[in-house]
Protein chains: 2
Amino acid sequence: MAVRRVAIDTWRENVAYLHRDCSVYRAEGFQALSKIEVRVNGQHILATVNVVDDASIVECNELGLSEDAFAQLGLENGQTVTVSPAEQPASMGALFRKIDGERLGREDFLAIVNDIAGHHYSKIELTAFVVACNRGELDREEVFFLSDAMVASGQRLDWHEPLVVDKHCIGGIPGNRTSMLVVPIVAAHGMLCPKTSSRAITSPAGTADTMEVLANVELPLEQLSEIVRDHRGCLAWGGTAQLAPADDVLISVERPLSIDSPGQMVASILSKKIAAGSTHLVLDIPIGPSAKVRSMPEAQRLRRLFEYVAHRMGLSLDVVITDGRQPVGNGIGPVLEARDVMRVLENDPRAPIDLRQKALRLAGRLIECNPDVRGGDGYGIARDILDSGRALARMQAIIAAQGSKNFDHNNPQLGSLSFEALAPFAGVVAGIDNLQIARIARLAGAPKVQGAGVDLLRKLGDAVEQGDVLYRVYAGYGADLEFARQACSRSNAYRIGAIGDVPRVFVEF
Amino acid sequence: MAVRRVAIDTWRENVAYLHRDCSVYRAEGFQALSKIEVRVNGQHILATVNVVDDASIVECNELGLSEDAFAQLGLENGQTVTVSPAEQPASMGALFRKIDGERLGREDFLAIVNDIAGHHYSKIELTAFVVACNRGELDREEVFFLSDAMVASGQRLDWHEPLVVDKHCIGGIPGNRTSMLVVPIVAAHGMLCPKTSSRAITSPAGTADTMEVLANVELPLEQLSEIVRDHRGCLAWGGTAQLAPADDVLISVERPLSIDSPGQMVASILSKKIAAGSTHLVLDIPIGPSAKVRSMPEAQRLRRLFEYVAHRMGLSLDVVITDGRQPVGNGIGPVLEARDVMRVLENDPRAPIDLRQKALRLAGRLIECNPDVRGGDGYGIARDILDSGRALARMQAIIAAQGSKNFDHNNPQLGSLSFEALAPFAGVVAGIDNLQIARIARLAGAPKVQGAGVDLLRKLGDAVEQGDVLYRVYAGYGADLEFARQACSRSNAYRIGAIGDVPRVFVEF
């Protein structure tokens, strides 16, 4: 059949568009959901069939493919492909056993993850896998099998050095851009830190989104490797390197279900780090009333699972449990967060203290991965590197190497529209809801509109008078501002109370 | 926004097509999977967003809707609708609790089923519900809550008679068209039997597909009611009446996962029957090596669950466990099955004995629902009605009332292409794989091509010589014939062995 690109983005599910009168569709007998196999040049993909009644989208003897599917096969319009009814993916038996609640073995996970990475699963099958793994929890050996299979599904980098460090946070805290400080600090110290970051999934900005304000983040793997060798670090988007690609596919169904089960979180994070060639990882688990982890026992269970799997995979892991009661720094959204990061690097008096302190502590822990550094000395070393301007210099070198965007943090390009959220009465800021403030920032346009977001003027424990500005919301478009304002009027994310109402910190760090 | 019908059949999931440069899409921040709410004339639906880069599909300020979604709102092209970011469906909290393995209450099931029937769930959420209910099994009270909520999600018919009978089979046995014999027999006996049937889901023909060879089956509810009042029975498609509509939505994800858990099967079947106004039901559970139920203990567990829920819902239920070792009758596919049914009704010597016997036994059980009939007399009454030609006359009256297609079963319009499957060596037919023979019939074009399918010339226990014809496959198109032939050459579904190899019948019925 002649193939045609249908310019519809079906979000990681391959969809084939077939005209209702097409002979291939008929053979499948009315099954709008059934799958077909598309082959060309020795490659093949599976795609879910959507039936089309409009010849301007696809004609009777054409096969339409959604954007992702078309790109995967590297096709040109009109090229001839072979279509056949799809055999079920090889791992379907293992999937059905997991749905039935069985424990799976190493081979099962390898087969399933291989099919997922090869886009052989439909959204329905993906969801079934994710939900079946969520319920009854994977046992810890299964989490190891899953992580290991995810590494095997893609490329694996080897830096040929004994110490390759990285840091990661399990997420959920807006403004938590410590990576952009930790990487230049430890790289300036001489450690190898090839940090690949994610874009925002449900948050108003991922590290890659914020770094993109300062420099290019979509770099081919060869250029990335060169930058890492030259500067001992980078801050790029992880999606271009094919590291644990099954994870990206799974995320497409985990997100709408808000599923973030411990097993899947561990497999997702550790597989990416192993694939990126890391040998040592510092992992940040924030706790707080609106953080992903809400109690210390829960944090400890999660820590033990991370440690078990990391050990099985030969990764040296240091878990730190941190204060997740409120956003870190002041800005939420790419430009605002980039401004905060640059202020810390420049030792600007306006720099948010909490962001600086957290980054120094994490960098200190990483520096202590070096066996030559005495336990407890890391923080001081990190602070010296930051205060002396060596971290800033290293960041500027990395920015220049990745391709500078000439961001001026003293004159950040914020959204031209804004409104302010005011304190309804006098008191003390006793709570900031991470989830709601993130939602407001997203509705305002972040991360798509780089200058959109929320700038926090008050943080936990601050005294406010009635009418004081709690935060300012920036947007680039009127409709966005309106959506954010509506969300804000339902709940502004701030709780004003007495000083005794501020939740206690669980953690020392 | 101006709305536009996009002629894509997305199989029961509402999809909204938005241009990438559209302001509504931008506000949602890159989330190709996120949902929007579409409002018009006091109605609203939720739809999953697919992003489009081709203005000929949707333009920048247009909202494209898939066929189902468009039809649900009863729109015209160009009409103005209001679009907003979707709030999560109200039952999402209950869904998340079920995913986490909690037992749900009556209100939870009402909320979830209401959202499902209202098309507020995406395929991902539907799958999550189905898989979460599959694992760890719903307890029997939860199955009752689910069934009850499914009845409440749609219309409920009331025939104002004390005895409204129906029969149902749990499925899985090709050619099992007993309903088309049972309905005219019991209707001729004077019992009210408003049978609504399904179309094929994974099988080569549903009762509605086979009946459609003889008469119209898509009738408005008013006409259906009139036919039932006039003739005491009908054989129509259940999809037009809005009976337990949530079930139809759930099937769209259960099918590709081959999920047919006891709880979901019971809720699906009983809710449809209660909604159709039945008071008495005879339920057929076939057992066999390639049937849905493969052992007697499994059949008994399923029977008890059906009985518990039927009792809670006030339905009188009689479960019969039948021989499911092979297809019933000879023909598989709409025309071939219609031919078998008409041969039985006409007492034609070529009529398949097994189909006749099974139908008479089921009809006998239904007739015994009448308290005036003595236990054991039902079969004889049914046989008299069939042998005397009264069942045929009643069937002809029902066919005429629904709108006859003038089918001539002595000259059935079979597919013009065919091939024969031959015995590879001499022996006895020791096994017929229901699943594989159904697959071959489907690939040949059934049920879409009415004359396509498989005609069985040998059944279990029959002696065959090498080269004897086991069955003949009919197709309407060359490509279909080829797909069927390939499947047949991988496995022809027949096992030839010695007479002692024929599996024993578990059941008396």
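Mentor: Let's start with the term we need: a salt bridge is a side-chain nitrogen of Lys or Arg within 4 Å of a carboxyl oxygen of Asp or Glu. Keep in mind that this is a predicted model. Now look at A:Lys98 and A:Glu142, whose closest N and O atoms are 2.7 Å apart, so by that cut-off they form a salt bridge. A:Lys98 belongs to helix H3 (residues 92-99) of chain A and A:Glu142 to helix H6 of chain A, so this pair ties together parts that are 44 residues apart in sequence. Both A:Lys98 and A:Glu142 are buried.

Stay with that helix H6 for a moment, because A:Phe145 lies in it too, at residues 140-152, while A:Phe109 lies in helix H4 (residues 106-117) of chain A. The rings of A:Phe109 and A:Phe145 have centres 6.5 Å apart and planes at 40°, so they make a tilted pair. That pair ties together parts 36 residues apart in sequence. A:Phe145 also forms a tilted pair with A:Phe144, at 5.8 Å centre to centre and 40° between the planes.

B:Glu141 forms a salt bridge with B:Arg312, with 3.6 Å between the closest N and O atoms. B:Glu141 sits in helix H6 (residues 140-152) of chain B and B:Arg312 in helix H12 (residues 296-312) of chain B, and the pair links parts 171 residues apart. B:Glu141 is partly exposed, with a relative accessible area of 29%, and B:Arg312 counts as partly exposed at 34%. Another pair, B:Arg39 and B:Glu37, meets at 2.4 Å, N to O. There, B:Arg39 is partly exposed at 42% relative accessibility, whereas B:Glu37 is buried at 9%.

The interface of chain B and chain A has 4 of them, and over all chains the structure holds 60. One joins B:Asp9 to A:Arg20, at 3.4 Å, N to O. Salt bridges that share partners also join A:Arg5, A:Asp9, A:Glu67, B:Arg20 and B:Asp53 into one network. As for the setting, the contact takes 58 residues from chain A and 56 residues from chain B, and the two chains bury about 5500 Å² between them, 59% of it on carbon and sulfur atoms.

Key
Residues are numbered from 1 along each chain as its sequence is written. Chains are lettered from A and ligands numbered from 1 in the order in which they are written. This is a predicted model: local features need pLDDT of at least 70, side-chain atom pairs count only at pLDDT 80 or more; totals for chains, interfaces and linings use all residues. Side-chain values use heavy atoms; hydrogens and water are left out. Rings of Phe, Tyr and Trp (its six-membered ring) pair if their centres lie within 6.5 Å; planes under 30 degrees apart count as stacked, over 60 as edge-to-face and the rest as tilted. Helices (H or I, at least four residues) and strands (E, at least two) are DSSP runs, numbered from the N terminus. Contact means heavy atoms within 4.5 Å. Buried area is the accessible area (1.4 Å probe) that two parts lose on being put together, summed over both. Buried means under 20% relative accessible area, exposed over 50%, partly exposed in between (1.4 Å probe, protein chains only).
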